[in-house]
Amino acid sequence: MKNIEEKNDWKKYIIVFFITIFIFATAFYISNNLNNSKLEEIRKIEDTISIDILSLETQFDLFEELSCENITDSILSKELNELASKIEYGEKNFDLDGELLSLKKYYSLLQIKDFLLMQKATERCNLNIESIIYFYGREDCEDCGKQGYVLTDLRQEYPELRVYSFDYYMDLSAIDALKSIYQIDQNLPALIINERVYKGFKSREDIETIMPELLKIKEKREAEKKALEEAEKKESEKDSTN
Amino acid sequence: MNNVSTIIFYILAFISMYVQIFFLITFFEKRKKIQYRKGTTKLDYYPTVAVAVPCWNEEKTVEKTLNSLLAMDYPKDKVTIIAVDDGSTDNTWQVLKKFEKYPNIKIIQKENGGKHTAVNYAIENSESEFVSCLDADSFVDPDALRRIISYFQKDPKTMAVAPSILIDKPKSFTQVLQKVEYEWAVFLKKVLGILGGIYVTPGPFSVFRREVFTNLGLFRKAHNTEDMEIAFRMQKNHYKIDQCNDAFVYTTGPKNVLALYKQRLRWIYGFIMNTLDYKHILFKKEYGTFSLLAVPAGFVSIIAVPYILGLLFVQIIKAIIKFIEKVSITGFDFNFTFGMPNFDTFFLNTEAYVFTGLVLYLIVMTTIIIGKRMATGKYGFDLRIILFMFTFSFIAPFWVMKAIYNAVFAKKTAWR
């Protein structure tokens, strides 16, 4: 009794199957391409940073005592912070076994290098550069997420602050050396501020108390900004009276 | 998402997309053959029709239902309306008495026995060529019956025809969303009709040839979804069911979410139980699309809906918890959270499941727009479509999961 014409159009079943396969394949292809370009972006930032570091090192070698006034301009904190957030995102969203892991190791090395250079600059040019070394664990560390939020927030509030974060469980000899110098154990999160180790979660207020210089830097920055604005204002007033 | 849940997601998304594309292609293949009639439809011959109106505590709506039947554009001497008061405890019987004076309305009062007993009573106490049923919360368009009968006259093999059901004057938010859903169903049901895959002949004004009941027997209780069981039984016996997309019936949708929840729980529970009762006719090529695609797809959607949408729900809850945690530690920084200068395409999620999910949503949206066009004649997108997809995404998993729970633990569902 059934309408025979509509019964089991096998061709349609197969065509629809291939259309669906095609859509899925396209989705995977696009996703793969975009993820690759993200890795490429991380790679590019790392290249910029490594060139910056190399040129900074070269500057030191060339001029020994000189060029202290230039050093503050060439600090890499901006790119380093950008890279930090992108690596962090990649860690959560991409497969860490692949290329990202070696990028992350490279990034850790760059951080150590930057830290050493900044120490050198501080000594030689009598600069006031504030830095925090932060050890976290991707697993078995309940407070690390919270600590991460606090540090990101501090970095935004104080662009002068340099935060170097290291994955405690990463298999890298340079990190092991850092761990043994400061005697960091599995009690995470751990912060190193002004050569002193602080264990466990530290709130924003805690860190601001440990580093009173931060507030001073901020006040100084704001005073400078204000002075600049006033100067501009005066200038524009001058223009208008003319 | 971890690996196992990602794989399950892709399998379910693949099947869902397959079915949606199958429907879309079928629609575009046959779209020229789909009729959209206006005005009065002429018939060569007007067969007799009996319309059962089962009532159980319907004092508020039954009057409008009967008036809509009286206003039908069909020879009065060919239609018999049989209103059955199935042991109401309110004033339904008093309302029915007002209609005693009409020669083509019969009113009957009986002890409560369930909707199927009321409809069966009407079938047994009539002799018409065609039999129909109209739930007492629904109202027919004046030309609906002519258009339906024309389908029977076009193909003598057609044994039942279902109409397009729309929501009558939506007032509450829940009803406005159901309006979108019912318009979408006009598309889905028509395609199922073309494919021969209809698995429900709904209580509001499906029309049957009397042979269906004389040959296959009367309505059964069938887990409170007698209108679904009869369709399964007809498919099992190769009786053709068609869908008349331009015959409109208006029904009162549940006003609030709780009432909607109960209705859907009953529908989905009924679908699961009827499918299990008729499992021996699944995946057999002699039963056609009904057995190969329609029912399996319905069954998969029962798992896919809570899974895909529930997963989304969990992700959103997780993001909110994270956000609250962050705000509680660092304070709410308006500039950082919403400031566009911080926006970087790098942080957009570019995993494949995002794209497949997006395509799936777009296909569903397309079919909703087509459905709206079929139901109202108007093209166009409106915000209610987004609102419907979003809201149902959140609430549908609840009734689906409860229906599965009830089916697994053999708990029966109530009518209301």
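B:L188 lies in helix α6 of chain B, where helices (H or I, at least four residues) and strands (E, at least two) are DSSP runs numbered from the N terminus. The structure is a predicted model, in which local features need pLDDT of at least 70, side-chain atom pairs count only at pLDDT 80 or more, and totals for chains, interfaces and linings use all residues. Residues are numbered from 1 along each chain as its sequence is written, while chains are lettered from A and ligands numbered from 1 in the order in which they are written.

A residue is called buried if 20 or more other C-beta atoms lie within 10 Å of its own, exposed if 12 or fewer, and partly exposed in between, with C-beta atoms placed from the backbone. B:L188 is partly exposed because 18 other C-beta atoms lie within 10 Å. Although B:L188 and B:F27 are 161 residues apart in sequence, their C-alpha atoms are 9.3 Å apart in space.

B:G253, by contrast, is placed in the loop between β8 (240–251) and α9 (257–277) of chain B, and B:G253 is buried because 25 other C-beta atoms lie within 10 Å. Two residues are taken to be in contact if their C-beta atoms, placed from the backbone, lie within 7 Å. When neighbours within four places in sequence are left aside, the contacts of B:G253 are with B:I167, B:P170, B:Q175 and B:Q178. Between B:G253 and B:V359 there are 106 residues of separation in sequence and 30 Å in space, C-alpha to C-alpha.

Nonpolar cores were also computed, each being a set of buried Ala, Val, Leu, Ile, Met, Phe, Trp, Tyr and Cys residues joined through C-beta atoms within 7 Å. The largest nonpolar core has 108 residues, of which B:V51, B:A52, B:V53 and B:A83 touch the most other members. Beyond its neighbours within four places in sequence, B:V51 contacts B:L69, B:V79, B:I81, B:I82, B:S132, B:C133 and B:L134. A second, separate core comprises 21 residues, including A:F135, A:C144, A:Y164 and A:I184. In soluble globular proteins, nonpolar side chains tend to be buried together.

Helix α4 (residues 115–124) of chain B is mostly covered, with eight of its ten residues buried. The buried residues of α4(B) are B:K115, B:H116, B:T117, B:A118, B:V119, B:N120, B:A122 and B:I123, and their cover includes β1 (49–55), β2 (79–86), β4 (130–133), α7 (210–216) and α8 (226–236) of chain B.

Chain A contains eight helices and four strands, which follow the pattern α-α-α-α-β-α-β-α-β-β-α-α along the sequence. Of its 242 residues, 20% count as buried, and among the contacts in chain A with a separation of 6 or more, 73% are accounted for by residues 24 or more positions apart. Strand β1 (residues 131–136) of chain A is mostly covered, since five of its six residues are buried. Two strands are said to pair if DSSP finds at least two bridges between them; β1(A) pairs with strand β2 (residues 162–167) of chain A in the parallel sense over six bridges, and A:Y134 stands opposite A:S165 in β2(A).

Chain A is divided into domain 1 (42–127) and domain 2 (130–224), with bounds that come from an automatic or database domain assignment. The contact between these domains takes ten residues from domain 1 of chain A and twelve residues from domain 2 of chain A. On the side of domain 1 of chain A that touches domain 2 of chain A, α3 (77–93) and α4 (99–125) of chain A each supply at least two residues, and α4(A) gives the most, with seven residues.

The contact between the chains takes 28 residues from chain B and 29 residues from chain A. On the side of chain B that touches chain A, at least two residues each are supplied by α1 (3–30), α6 (173–195), α10 (288–330) and α12 (352–376) of chain B, and α1(B) gives the most, with six residues.

Confidence was examined for chain A through pLDDT, the predictor's confidence in each residue, from 0 to 100. The mean pLDDT of chain A is 78, and 82% of its residues reach 70 or more. Over residues 1–6 of chain A, pLDDT stays under 50, and the model has 14 contacts beyond four places in sequence for these residues. Where pLDDT is low, the predicted coordinates should not be read in detail.
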